[in-house]
Amino acid sequence: MSLLVLKFGGTSVADIDRIRSVAAHVKREHNAGNACAVVVSAMAGQTNRLVAWVEEAWGYKADGDGGADVSALYDCREYDAVVSSGEQVTSGLLALVLQSMGVSARSWQGWQIPVHTDDAHQRPASPASRSTRRQRCSVAKSPFAPASKASPPNNRIATLGRGGSDTSAVALAAALQADRCDIYTDVDGVYTTDPRVVSKAHRLDRISYEEMLEMASQGAKVLQTRSVEMAMQWSVPVLVRSSFDAPDMPGNPDTGEGIGTLVCHEDEIMEQNVVSGIAYARDEAKVTLLKVADKPGVAARVFGPLSDAHINVDMIVQNVSEDGKSTDLTFTVQSADLDRALEVLKSAKDEIGYLDLRGATDIAKVSAIGVGMRSHAGVAAQMFSALAEKGINIEAISTSEIKISVLIDAAYAELAVRTLHTLFGLDGA
Ligand code: ADP
Ligand code: MG
């Protein structure tokens with residue numbers, strides 16, 4: 001008998017028929033003698049509907065792209081109170097369907113099995129114990145009691161951001177010391193790149209926590225970044241698999257063979273490519289400060305106020321300006337933070353000293369990820385020449401031990417992903 005946490009995303013619980021299929025997966029595990037705790041997302045589309053209601057109630061009219069950060073304008077605790085209700089509905093419905101199938105089940109709401117968060121309702125925060133907007137708090141659970149209870153300090157409901165139910169599920173799996181956390185979604189595993197963009201992408205049997213962490217943080221939304229961080233920290237094996245597969249599909253979820261992708265420690269993976277996957281993100285924006293005086297302390301004067309405003313900066317490039325005497329400073333922030341970043345820099349113009357300030361959102365970040373890079377030189381050079389051959393200009397570069405990211409014109413994002421996917425031998429199975 002194993003103790004499993006099963007998580008089902010929004011598309012997996014989109015309507016009652018889908019909830020019935022989900023229940024069939026839960027029933028299979030239950031009949032096999034496993035104890036199951038189930039974490040569910042809001043039914044697809046519900047969260048957007050709730051967010052729209054909050055905006056309407058507050059009288060806020062989105063100006064088209066929804067890019068502006070309006071969270072500061074209204075009471076985010078009430079936003080969370082409204083938005084967290086979507087998961088409560090799904091958990092009750094799932095419990096009902098399970099009961100109708102003869103499986104003993106009950107729903108538990110977020111406040112009944114509280115997950116420790118801080119009282120931040122507005123800003124994304126990194127440590128596992130902190131909360132952000134839009135946490136998925138609801139936990140549907142069958143048929144055993146929770147192992148730990150805790151309360152957020154302000155005793156209000158908080159949300160963990162889009163994809164937050166991944167993090168809730170892993171947190172629950174860690175707290176319950178579950179044998180595995182199964183993340184059911186609308187793809188049958190983690191692919192070498194987003195299968196919706198590259199048809200030649202293939203499913204990985206296994207991927208290391210470190211690679212999955214880079215994939216997620218560089219844009220592969222199949223798992224929320226913080227859920228992977230937490231799984232790595234607590235050594236929770238995570239199996240990503242499809243809720244659309246027949247519940248009786250053969251395969252061995254314990255080994256990750258035949259079913260889904262097992263996210264596990266690196267030493268549990270036998271075969272390893274130099275590059276395991278390609279990720280891309282379009283949600284970053286570029287800020288350029290032209291003709292900044294080239295003297296000590298300037299970088300601190302630029303990035304200090306941004307950090308005070310809780311704006312995270314990702315890639316940074318500094319070049320000599322046309323006049324040869326000053327520098328141009330380019331960096332990226334989340335698109336949602338662009339307007340605030342520009343405001344902050346405008347107000348600090350006199351202290352910083354620059355000629356002009358520009359912001360752009362027509363950029364994309366494409367990343368190659370693989371633990372094999374630690375022992376293989378030349379990956380970056382190969383990547384840059386392949387992109388150059390396709391006429392793709394690189395505006396900025398950032399690297400880690402197992403990742404190389406380039407910033408390019410958004411129009412070339414898909415071409416770049418396909419080019420790198422082929423270059424690193426990831427096409428086909
Ligand atoms: P859920 O609602 O179940 O949480 P998500 O939409 O958050 O599902 O995540 C699943 C989606 O992630 C897939 O439909 C796929 O388009 C996308 N995705 C992006 N990169 C990858 C990848 N490398 N492997 C698998 N899926 C990916
Ligand atoms: Mg998700």
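I started with helix α6 (residues 209-217) and helix α7 (residues 225-234), which pack at about 165° with their axes 8 Å apart. This is a predicted model, where local features need pLDDT of at least 70, side-chain atom pairs count only at pLDDT 80 or more, and totals for chains, interfaces and linings use all residues. Residues are numbered from 1 along each chain as its sequence is written, chains are lettered from A and ligands numbered from 1 in the order in which they are written, and side-chain values use heavy atoms, with hydrogens and water left out.

For my own reference, axes are lines fitted to C-alpha atoms, for helices over the stretch in contact, and angles run from 0 to 180 degrees between N-to-C directions. Helices are DSSP runs (H or I, at least four residues), numbered from the N terminus.

**α6 with α7**

The angle makes α6 and α7 roughly antiparallel (the term covers angles over 145 degrees). I noted a left-handed crossing of α6 past α7, meaning that the near helix is turned anticlockwise from the far one by less than a right angle. Next I listed the contacts (heavy atoms within 4.5 Å). Y209, E210, M212, L213, A216 and S217 of α6 touch T225, V228, E229, A231 and M232 of α7. By class, I have 7 nonpolar, 2 polar and 2 charged residues here. Ala, Val, Leu, Ile, Met, Phe, Trp, Tyr, Cys and Pro count as nonpolar, Asp, Glu, Lys and Arg as charged, and the others, Gly among them, as polar.

**α5 with α7**

Then I turned to helix α5 (residues 164-175), which packs on α7 at about 15°, again with axes 8 Å apart. α5 and α7 are therefore roughly parallel (angles under 35 degrees). α5 also passes α7 in a left-handed crossing. On the α5 side I found D166, T167, V170, A171 and A174, meeting R226, S227, M230, A231 and W234 of α7. The class count is 6 nonpolar, 2 polar and 2 charged.

**α1 with α4**

I also looked up helix α1 (residues 16-31) and helix α4 (residues 85-100), whose axes come within 9 Å and cross at roughly 65°. I16, I19, R20, V22, A23 and V26 in α1 meet T90, L93, L94, V97 and L98 in α4. That contact has 9 nonpolar, 1 polar and 1 charged residues.

**Ligand 1**

Last, I checked ligand 1, which 18 residues surround, the closest being T185, D186, Y191, D194 and R196 (a heavy atom within 4 Å). A polar side-chain atom of T185 sits 2.6 Å from a ligand oxygen. For R196, a side-chain N or O atom is 2.6 Å from an oxygen of ligand 1.

Conventions: Helix = DSSP H or I, 4+ residues; strand = E, 2+ residues; numbered from the N terminus. Parallel < 35°, antiparallel > 145°, perpendicular 65-115°, else oblique. Polar contact = N/O pair within 3.5 Å; in protein donor to acceptor, adjacent residues only side chain to side chain.
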